[in-house]
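Open the model in your viewer and keep the selection panel at hand. We will go from one stop to the next.

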Amino acid sequence: MTFHSLGSASSGNLYMLESDKDILVLEAGLPLLQVKKALDFDLSKVRGTLISHRHRDHAGHIKEFMQAGIPVYSSDDVFGSQDLSSLRPWQRVIEPEKTYKIGEFRVMPFPVLHDVPCYGFLINHPESGTILFLTDTYTCEYSFEGLNHILIEANYSDHVLEENIISGRVAKSMRDRLMFSHFEISKVIDYLETLNLSKVSNIVLIHLSDDNSNEDEFLRLIKEEFAINVVATGKSRVLKMEMNITPY
Ligand SMILES: [Zn+2]
Ligand SMILES: [Zn+2]
């Protein structure tokens, strides 16, 4: 299994999981053209696109995916937030805690805690094992067993945010919004501590804030806490990495 990050930021999120036979797209916050370019204009393996929530940086381009005949799997809230009436055949409404088969992927959505309805996803595939995808949430009330890889938002750090507020770079009101909508790095660590990570090969930090994060520090903190490979995605940096059930 190859994991691709084509962009991971408040300007646009889009990731892909690519197995021998299937591709599952996660989020449609970037133009379909970027997916086409990453796949040498061959979309024949793309089985569907999962969308966590209605915000532009995750759902801004779903129309293009549907127009290309790619089914989009998401909540009623997302499909109700845009005029997609002519594209109904490509809408797949998914409900929390049910399992859906998309190609050889098995996907279970579950609700997370954002300022609009938002899903996290538990994704299983024979090549990768079980992947947890968690973004745009300030904590997670679910626990999971048997995880092999974790894609988790590490949006901001309290102390970087504080420095930005003091220097006037970021408005004070931003803190109130972030506290109840996005994952702060120490809360990410607290949450990871609650999980059984014995079979986890990779932790991928996603959706780092442009202003209020510190990538090097986040990587160091996670490495210090957990003896697991950790990488961070970037705003417009393309990342491609192997995500298999055995690391070697
Ligand atoms: Zn977002
Ligand atoms: Zn959001």
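Select the donors of the zinc ion (ligand 2): along the chain of this predicted model, they follow the spacing H-x1-H-x58-H-x21-D.

Now show the donor atoms. They are His53 (NE2), His55 (ND1), His114 (NE2) and Asp136 (OD), 2.2 to 2.3 Å from the zinc ion (ligand 2). Check the angles among these four donor atoms: they run from 89 to 171 degrees, and the site is irregular. Colour His114 by accessibility: its relative value is 11%, so His114 counts as buried.

Next, keep Asp136 selected. Which ions does Asp136 coordinate? Asp136 coordinates both the zinc ion (ligand 2) and the zinc ion (ligand 1), and the two ions are 3.5 Å apart.

Move to the zinc ion (ligand 1). Select Asp57 (OD), His58 (NE2), Asp136 (OD) and His207 (NE2), which coordinate this ion at 2.2 Å. In sequence, these donor residues are spaced D-H-x77-D-x70-H. The site of the zinc ion (ligand 1) is irregular, with angles of 88 to 159 degrees among its four donor atoms. Asp57 lies in helix α2 and His207 in the loop between β12 (202-206) and α8 (215-225), so this pair ties together parts that are 150 residues apart in sequence.

Last stop: are Asp57 and His207 buried or exposed? Asp57 counts as buried at 10% relative accessibility. His207 is buried too, with a relative accessible area of 2%.

How values were computed: Residues are numbered from 1 along each chain as its sequence is written. Chains are lettered from A and ligands numbered from 1 in the order in which they are written. This is a predicted model: local features need pLDDT of at least 70, side-chain atom pairs count only at pLDDT 80 or more; totals for chains, interfaces and linings use all residues. Side-chain values use heavy atoms; hydrogens and water are left out. Donors are N, O and S atoms within 2.8 Å of the metal (3.2 Å for Na, K and Ca); water is not among the atoms, so sites may look incomplete. Four donors count as tetrahedral if all angles lie between 85 and 135 degrees; four count as square planar and six as octahedral if opposite donors are over 155 degrees apart and all others between 65 and 115; anything else is irregular. Buried means under 20% relative accessible area, exposed over 50%, partly exposed in between (1.4 Å probe, protein chains only). Helices (H or I, at least four residues) and strands (E, at least two) are DSSP runs, numbered from the N terminus.
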